[in-house]
Amino acid sequence: MELAPNLTEAYEKRGMLYFYQGKFNNVIQDFQIYIELSPPKAEAYRMLGMGYLKSGNCQSAIYNFTRAIEIDPKKASAYSNRAEAHFLSGNYDLTILDSTKAIEIGGDPRDIADAYRTRAKAFRKIGRNDLSAMDIRSSWKIDPRYAYYYRALY
């Protein structure tokens, strides 16, 4: 990057590596540079949002997930991730709306399982344990790994 500071792919790739290493401040830094240098891409804003979400800045995460959705309204993962940010912010109505939208759009099974899981947590917070249980079962059908999580929760 010292030799070619405008090589956007380098920032994108390194940002992804930082994400998997848990270095979320570095993720934010690299994806901010990537977004400045390249045409707007939904996935770049989603990854920037993930960096903010994992570092605890829910409002910045929501902003970037929203930007991803504006660019690609069919990006279920952005809705699912924004739902998690709304949940962590304590806004359960928006959590349910975004999770439901992600489920309706469909796509990657893990994103959909995440959306069901997040919506189940929101339903539980508002006292709708019946709907929460239904979503838990739906997430298990898609991704059985969540069974371990919910055994601890319930």
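The model is predicted: local features need pLDDT of at least 70, side-chain atom pairs count only at pLDDT 80 or more, and totals for chains, interfaces and linings use all residues. Residues are numbered from 1 along each chain as its sequence is written, and side-chain values use heavy atoms, with hydrogens and water left out.

**Entry: helix packing**

I looked up α5 (residues 76-89) and α7 (residues 109-125); their axes come within 9 Å and cross at roughly 25 degrees. Axes here are lines fitted to C-alpha atoms, for helices over the stretch in contact, and angles run from 0 to 180 degrees between N-to-C directions. Helices (H or I, at least four residues) and strands (E, at least two) are DSSP runs, numbered from the N terminus. The angle therefore makes α5 and α7 roughly parallel to each other.

Next I listed the contacts (heavy atoms within 4.5 Å). Residues of α5 including Ala83, Glu84 and Phe87 meet residues of α7, among them Thr118, Lys121 and Ala122.

**Entry: aromatic rings**

I paired rings of Phe, Tyr and Trp (its six-membered ring) if their centres lie within 6.5 Å; planes under 30 degrees apart are stacked, over 60 edge-to-face and the rest tilted. I get 4 aromatic pairs. Phe19 and Tyr20 have ring centres 5.4 Å apart and planes at 85 degrees, so this pair is edge-to-face. Phe31 and Tyr34 also form an edge-to-face pair, with 6.0 Å centre to centre and 75 degrees between the planes. Phe31 and Tyr34 are 3 residues apart in helix α2 (residues 24-37), which means about one helical turn separates them. I also noted one aromatic cluster, formed by Phe19, Tyr20 and Phe24.

For burial I used relative accessible area: buried is under 20%, exposed over 50%, partly exposed in between (1.4 Å probe, protein chains only). Phe19 has 16% relative accessibility, so Phe19 counts as buried. Tyr20 has 65%, so Tyr20 counts as exposed. Phe31 and Tyr34 are both buried.

**Entry: a buried loop residue**

Is Asp143 buried or exposed? Its relative accessibility is 7%, so Asp143 counts as buried. Asp143 lies in the loop between α8 (129-142) and α9 (146-153). Leaving aside neighbours within four places in sequence, Asp143 is in contact with Arg110 and Ala113.

Note on methods: Parallel < 35°, antiparallel > 145°, perpendicular 65-115°, else oblique.
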